[in-house]
Amino acid sequence: MKLSKFKFTLPPSLIAQYPARFRDESRLMVVYRNKGKIEHREFKDLIKYFGKGDVFIMNDTKVFPSRLYGNKEKTGARIEVFLLRELNPELKLWDVLVDPARKIRIGNKLYFGEDDSLVAEVIDNTTSRGRTLRFLFDGPREEFRKTLYSLGYTPLPKYITREAEPDDADRYQTIFAKEEGAVVAPAAGFHFSRELMKRLEIKDCKFEFLTVHSGLGNYREIDVEDLSKHKMDSEQMRISAEVAASVNKAKDNGRKVCAVGSSVMRAIESSVSTDGHLKEYDGWTNKFIFLPYEFSIANCMITNFHTPLSALLMMTATFGGYDLIMEAYRVAIKENYRFCAYGDAMLIL
């Protein structure tokens, strides 16, 4: 499968800059794999497609305010620092991206806050934009993290061309977010409201939660035409034995097992036993799913509409069928569906 097969023209006006007013009132395109049929609904109509014993697998990762703005010592140049992950809590070492990177070298100090109350020193270059920072802070870890996060902004993706606003702290997060560690939100879960989840529970649907701390790898440009040569960044994930047992029971009983989002799909496909069942797992995954591929766990999927040439689109097309999904995207553009994290949703059955 070639990269160029996933090229299409996405009008910039269809990239959602703000979420729908209410979570469950975004639009929902329903795609039937067996019939090749497409329906247009609202997300709260999801309740019509699921019933007793069906399971939704959700990602309960929590996004932290990982975008900071600091000033370089001496020159005062404004530098964006994007926190990726904490490397060493005791030494307060963080893996980060900096922009503009050409100005930031080992030994430089960066100052954060209006009063320059937090200082970091660059101690290593990791990639062209990657750096390792050591934060200079005297005090307990919780106080340090509180200070760090108070200076941070919600890490909206770059295709959202506005600055983060106070409402984004809530809306760029699922209502069930719990395990802190992601810098990219599991956007397919944005559409679930408390009311909708309660109504699905009344129908005896189950919600099972795993954790995938999504990173920026999904947004990294794929620069090889032969997709088998692309390497995904690793993401930390955890699936409990209880979740695996519940999912396997639904699968064995012929119920719907719905992966809510690409992060969930990648996680469950990274931990499959030889008999096609889900296993407990605590570790990392760099699984890249593209055609041809046979899925083992989920038999339906909820996902948002993705950008051209993206790994997310490739996974969606692998699950839904290349021709059908690319046709669905043509329809989505014609019908003015909203794309990306704050956009509309697709249910693939």
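Trainee: Where is the place of Cys340?

Mentor: Cys340 sits in the loop between H7 and E17. A note on those labels: helices (H or I, at least four residues) and strands (E, at least two) are DSSP runs, numbered from the N terminus. This is a predicted model: local features need pLDDT of at least 70, side-chain atom pairs count only at pLDDT 80 or more, and totals for chains, interfaces and linings use all residues. Residues are numbered from 1 along each chain as its sequence is written, and side-chain values use heavy atoms, with hydrogens and water left out.

Trainee: Is Cys340 buried or exposed?

Mentor: Buried, with a relative accessible area of 5%. Buried means under 20% relative accessible area, exposed over 50%, partly exposed in between (1.4 Å probe, protein chains only). Cys340 also has a positive phi of about 75°, although it is not a glycine.

Trainee: Which other residue has a positive phi although it is not a glycine?

Mentor: Asp204 has one, of about 70°. Asp204 lies in the loop between helix H3 (194-202) and strand E12 (206-213). Asp204 counts as partly exposed because its relative accessibility is 43%.

Trainee: Back to H7. Why does its length agree with a helix?

Mentor: H7 has 13 residues (322-334), so at 1.5 Å a residue it should span 18 Å, and its end C-alpha atoms are 19 Å apart, which agrees. The expected span is 1.5 Å times one less than the number of residues. After H7 comes Asn336, with a positive phi near 60°.

Trainee: What covers the buried residues of H7?

Mentor: The cover includes strands E1 (27-32), E2 (37-42), E16 (300-304) and E17 (345-348), plus helix H6 (311-320). Among the buried residues of H7 are Tyr322, Leu324, Met326 and Val331.

Trainee: How many residues are in the largest nonpolar core?

Mentor: It has 94 residues, and Val81, Phe135 and Ile268 have the most contacts inside it. H7 gives the most to this core, with eight residues. A nonpolar core is a set of buried Ala, Val, Leu, Ile, Met, Phe, Trp, Tyr and Cys residues joined through side-chain atoms within 4.5 Å. A second, separate core has 25 residues, including Ile47, Phe192, Val260 and Ala345.

Trainee: What does Phe135 touch?

Mentor: Not counting residues up to four places away in sequence, Phe135 touches residues including Leu83, Trp94, Phe112, Val119 and Phe144. Contact means heavy atoms within 4.5 Å.

Trainee: New topic. How do E8 and E9 pair?

Mentor: E8 (109-112) and E9 (118-125) pair in the antiparallel sense over four bridges. Two strands pair if DSSP finds at least two bridges between them. Leu110 stands opposite Ala120 in E9. The two strands form a hairpin with five residues between them, and Gly113 in the turn has a positive phi of about 90°.

Trainee: How many bridges are there between E9 and E10?

Mentor: Six, again antiparallel, with E10 covering residues 130-136. A hairpin of four residues joins E9 to E10.
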